[in-house]
Amino acid sequence: MRTGQGQFALRAWTSNAEYVADRYKKSLFDEEIMVFPRLRLSEYAPAPGLHFSDLAGLIRQCQPMRRSDAEADMSVVQLVSAFVVRNGSKVLTHKRTKRLPESRLHGFYSLTFGGHLNPSDITPLFSPSKPEQWAPWLLRELGEEVKFRGNPVESLVFRGLLYDNAREVSTQHVGVTYEITVHSQEFAIGERGFLMDAKFESLSEIRARAAEFENWSLLLLESMEHQWAI
């Protein structure tokens, strides 16, 4: 097993969790991301909000495209991951700084972690019933923004496709949304300088300062308030 950067050991030698390396990153706008035709958007996200849609059908519509090309092409919609991290009745929130590429998020708080989906992300992300596929990938993906100790993930549940048309840039993205339950509230920020003021908050605390959150987070908050009240 891998125990650190450039370090390996027999599993019998250690009880520590296996080391998961950070994913190599190309320049953001040179990377290949997954997109699907805008003409098919209404089949999966017909209106603003969270929609429990046919993931298998969506995957069949997807194709890779260079991110810089996708940003300039309004005929396609980009897929991004949107992970909501939960411990008990509290959700991990954070503030996006001006160092983040997406200017629409600067200065706003958010309930989600994640980013554009690359072709290699599709198999683990769309296999929630197979933790052997998604667990190592998820820890690496989350670790780019927030890091937890050991094996923190208790469960991974698909919550739907998130869409918002409040701004033109919002109409170019659909969030593949998962709720992640973690065992502990102990964490460290992975991308220092991009995220700040991260903390676990109750839904009522988030609602009390809703004006500070970006619109995707407000749509998710409404969904969680309804769902958690049931």
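Here is a short chat about salt bridges in this predicted model.

Visitor: Hi! How many salt bridges are there in this one?
Guide: Hello! The count for this predicted model comes to 10 salt bridges.

Visitor: Let's pick one. Which residue does glutamate 31 meet in a salt bridge?
Guide: That would be arginine 67, with 3.5 Å from N to O between the two side chains.

Visitor: And which parts of the chain does that pair tie together?
Guide: Glutamate 31 sits in the loop between strand E2 (7-8) and strand E3 (32-37), while arginine 67 belongs to helix H3 (residues 67-71), so the pair links parts that are 36 residues apart in sequence.

Visitor: Are those two buried or exposed?
Guide: Glutamate 31 and arginine 67 are both buried.

Visitor: New topic: what does glutamate 43 pair with?
Guide: Glutamate 43 has a salt bridge to arginine 40, and their closest N and O atoms are 2.5 Å apart.

Visitor: What about the accessibility of that pair?
Guide: Glutamate 43 is partly exposed at a relative accessible area of 45%, and arginine 40 is partly exposed too, at 30%.

Visitor: Okay, on to arginine 209. Is that one buried or exposed?
Guide: Arginine 209 is buried, because its relative accessible area of 15% falls under the 20% cut-off. Its salt-bridge partner is glutamate 212, with the closest N and O atoms 3.0 Å apart. Glutamate 212 itself is partly exposed, at 36% relative accessibility.

Visitor: Last one: which residues do salt bridges with shared partners join into one network?
Guide: Glu31, Arg67 and Glu71 are joined that way.

Note on methods: Residues are numbered from 1 along each chain as its sequence is written. This is a predicted model: local features need pLDDT of at least 70, side-chain atom pairs count only at pLDDT 80 or more; totals for chains, interfaces and linings use all residues. Side-chain values use heavy atoms; hydrogens and water are left out. A salt bridge is a side-chain nitrogen of Lys or Arg within 4 Å of a carboxyl oxygen of Asp or Glu. Helices (H or I, at least four residues) and strands (E, at least two) are DSSP runs, numbered from the N terminus. Buried means under 20% relative accessible area, exposed over 50%, partly exposed in between (1.4 Å probe, protein chains only).
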